[in-house]
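Subject: A structure for you to look at

Hello,

Here is the structure I promised to pass on. Please open it beside this email, and I will walk you through what turned up.

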Amino acid sequence: ELSLKNFRCFTQKKITFTAPVVLIEGANGSGKTTLLEAIHYFCYVRSFRTPTPRDLIMFNQDAFFISALFDTDQITIGSSGSKRHVKINQKPITSHKELRALCQIVTVTQEDMDIVKESPEARRNFIDHALMLYNPEAVDLIKAFKYLLDTRNAFLAQQSVYALNQEYLLWTQKLWTVAHALQQARIEFLDTLLRQSFDINALFFEEK
């Protein structure tokens with residue numbers, strides 16, 4: 001069950017989903033994408049359309065509130081100004097991992113054609129996005145990799161070629177270790193997807 005209050009175009013809206021597959025139809029501007037945006041928000045506490053939470057609040061309102069009921073568990077999120085309150089079963093969360101354990105969302109939009117058309121970085125980001133849902137422990141690995149990469153690059157920018165020293169080698173070794181672990185996690189995840197795709201292919205298309 002999805003409940004929205006002052007979220008985008010909805011003053012008050014409640015929808016109950018009762019089937020495994022649900023299709024949403026409606027006229028342009030009726031709020032179809034907003035419903036998907038709200039569902040996406042429960043998993044990541046951010047929108048796929050805007051980086052600014054204020055954009056999600058209905059015009060002339062000060063805050064929005066959304067709630068989702070999954071069987072017996074309820075996620076509630078309220079946002080006002082720069083403040084945001086996220087709870088599971090009325091208890092404030094301490095980590096976004098708690099949300100992803102309960103609500104796993106993959107949102108595909110037309111911008112995701114970048115996965116095919118753009119650089120390898122776009123494809124890695126997409127893989128990492130799915131990897132975090134498949135393996136919540138990968139979140140810490142990805143964060144560590146980005147931190148070490150940024151720190152090492154900042155160090156390189158501040159030093160001349162002739163000033164590279166033991167500190168540079170230390171950051172490089174740390175980065176290599178974490179990058180190798182992340183690479184293995186990606187490979188294992190892609191292998192899992194490959195096996196699943198073979199199973200689906202065999203189920204629906206036999207040996208064709």
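Helices (H or I, at least four residues) and strands (E, at least two) are DSSP runs, numbered from the N terminus.

Some background comes next. The model is predicted, so local features need pLDDT of at least 70 and side-chain atom pairs count only at pLDDT 80 or more, while totals for chains, interfaces and linings use all residues. Residues are numbered from 1 along each chain as its sequence is written, and side-chain values use heavy atoms, with hydrogens and water left out.

**Confidence**

pLDDT is the predictor's confidence in each residue, from 0 to 100. For the protein chain the mean is 89, and 96% of the residues reach 70 or more. Among the elements of the chain, S1 has the highest mean pLDDT (96) and helix H3 (residues 114–117) the lowest (83). Where pLDDT is low, the predicted coordinates should not be read in detail.

**Two cores**

A nonpolar core here is a set of buried Ala, Val, Leu, Ile, Met, Phe, Trp, Tyr and Cys residues joined through side-chain atoms within 4.5 Å. Buried means under 20% relative accessible area, exposed over 50%, and partly exposed in between (1.4 Å probe, protein chains only).

The largest nonpolar core has 26 residues, and Leu4, Phe42 and Ile66 have the most contacts inside it. Two or more residues each come from strands S1 (2–7), S2 (10–15), S3 (63–70), S4 (73–80) and S5 (83–88), and from helix H1 (32–44). With six residues, H1 gives the most to this core.

Contact means heavy atoms within 4.5 Å, and, not counting residues up to four places away in sequence, Ile66 touches Ser3, Leu4, Phe7, Ala38, Tyr41, Phe42, Ile75, Thr76 and Ile77. There is also a second, separate core of 12 residues, which includes Ala130, Leu131, Leu148 and Trp171.

The 13 residues of H1 reach 19 Å from first C-alpha to last, close to the 18 Å expected at 1.5 Å a residue; the expected span is 1.5 Å times one less than the number of residues. Buried residues in H1 include Thr34, Leu35, Glu37, Ala38 and His40. Val45 follows H1 and has a positive phi, near 50 degrees.

Val45 also turns up beside His96: leaving aside neighbours within four places in sequence, His96 is in contact with Tyr44 and Val45. His96 sits in the loop between S6 and H2 and is partly exposed, at a relative accessible area of 34%.

Asn6, in strand S1, is buried, with a relative accessible area of 11%. Beyond residues up to four places away in sequence, Asn6 touches Thr11, Leu56, Ile57, Met58, Gln61, Ala63 and Phe64.

**Two loop residues with positive phi**

Asn60 is not a glycine, yet has a positive phi of about 70 degrees. Asn60 lies in the loop between H1 and S3 and is exposed, at 64% relative accessible area. Gln90, also a residue other than glycine, has a positive phi near 70 degrees. Gln90 is in the loop between S5 and strand S6 (91–92) and counts as exposed at 52% relative accessibility.

**The later helices**

How do H4 and H6 pack, and at what angle? Helix H4 (residues 120–134) and helix H6 (residues 166–205) meet at about 80 degrees, with their axes 10 Å apart. Angles under 35 degrees count as roughly parallel, over 145 as roughly antiparallel, 65 to 115 as roughly perpendicular and the rest as oblique, so H4 and H6 are roughly perpendicular to each other. Where they meet, H4 brings Arg124, Ile127, Asp128, Ala130, Leu131 and Tyr134, and H6 brings Leu182, Ala185, Arg186, Phe189, Leu190 and Thr192.

Ala138, Val139, Ile142, Phe145, Leu148, Arg152 and Phe155 are buried in H5, and what covers the buried residues of H5 includes helix H2 (97–102), H4 and H6.

Ala179, in H6, is partly exposed at 26% relative accessible area. Ala179 and Phe145 are 34 residues apart in sequence and 6.3 Å apart in space, C-alpha to C-alpha.

Terms used
Axes are lines fitted to C-alpha atoms, for helices over the stretch in contact, and angles run from 0 to 180 degrees between N-to-C directions.
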